[in-house]
Amino acid sequence: MTQPAPGTSPRTTIKRAPERGVTDRETLYAILDAGLVAHVAVVEDGQPFVVPVGYARLGDDVVFHGSSASRLFKRLAEGQPTCVTVTLLDGLVLARSSFESSMNYRSVMILGTARRLEGDEELAALRAISDHLLPDRWADIRPPAAQELKATMTLSLPLAECSVKVRTGGPEDLEEDLADPVYSRVWAGVVPLVESFGTPEPDDLSRDADVPQYLRRWTRT
Ligand SMILES: Cc1cc2nc3c(=O)[nH]c(=O)nc-3n(C[C@H](O)[C@H](O)[C@H](O)COP(=O)(O)OP(=O)(O)OC[C@H]3O[C@@H](n4cnc5c(N)ncnc54)[C@H](O)[C@@H]3O)c2cc1C
């Protein structure tokens, strides 16, 4: 089923800095495929909670998992509406005033109701979460046991109502600050922010083993 373009429902239309709103699904997919952590909103007894979790995009859904015993995950499985965000921080934008200073980012917000996955659908989602972080590792490791699957709650949220906002570029200083004899001399520009893996540190059993290719080639765009 074709899903609507991001940012096109009344609840997801970007009103502040609308020029930063992106409506193509390719950008939506690219951000979700580059991110590592999603923040999932749940309300329990009137108190909002925001839970950071690993996740993956599986076609036109985002999947994530938690403990079957988690009261927050239970609320989601019961059908409580949620809001999930993924944020990529690309740089600090340093202007000549604090008001004009900013951040370069790519971010996604998804609204909707999650569905609990079972059986083959759950296994496919768990594999997708593993593949998202480390493609090919799933084939190397032991598959989930029945009692492990029982202890796991895997949820799927459709990419049906969502929005994408992206800021790129340098600072946008006021004309008077650019002409000011003092503030015009302050350094301004962008400090890029890049995330990367460090050198893998083997445990005792892996000390003499080769580091897998999927760890060597891990990069993030
Ligand atoms: C980068 C990252 C990735 C994660 N990935 C996953 C994942 O894929 N699946 C998964 O199940 N969990 C993941 N976690 C842990 C997750 O954030 C929760 O801690 C976990 O799901 C338990 O939630 P709960 O509400 O059942 O915990 P509970 O122990 O019932 O929560 C009780 C209270 O503890 C506090 N709390 C819970 N979690 C956190 C937290 N992360 N930081 C600060 N305070 C907290 C809150 O005040 C909460 O109300 C991840 C955490 C991080 C930071």
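Biologist: What percentage of the contacts in the protein with a separation of 6 or more comes from residues 24 or more positions apart?

Modeller: This is a predicted model, where local features need pLDDT of at least 70, side-chain atom pairs count only at pLDDT 80 or more, and totals for chains, interfaces and linings use all residues. Residues are numbered from 1 along each chain as its sequence is written. Contact here needs C-beta atoms, placed from the backbone, within 7 Å. Among contacts with a separation of 6 or more, the share from residues 24 or more positions apart is 72%.

Biologist: Which strands stand at the edges of the open sheet of four strands?

Modeller: Strands are DSSP E runs of at least two residues, helices H or I runs of at least four, both numbered from the N terminus; two strands pair if DSSP finds at least two bridges between them. The order is β4-β5-β9-β8, with antiparallel pairing. Each edge strand has a single partner, so one side is left without a neighbour in the sheet: these are β4 (56-58) and β8 (115-117).

Biologist: How many bridges join β5 to β9?

Modeller: β5 covers residues 61-67 and β9 residues 152-158, running antiparallel. Ser67, for one, has Thr152 in β9 as its bridge partner. The number of bridges joining the two strands is seven.

Biologist: And which helix packs on that sheet?

Modeller: The helix touches β4, β5, β8 and β9. Its direction makes about 130° with that of β4, using lines fitted to C-alpha atoms (for helices, over the stretch in contact) and angles from 0 to 180 degrees between N-to-C directions. Spanning residues 119-133, the helix is α3.

Terms used: Two residues are in contact if their C-beta atoms, placed from the backbone, lie within 7 Å.
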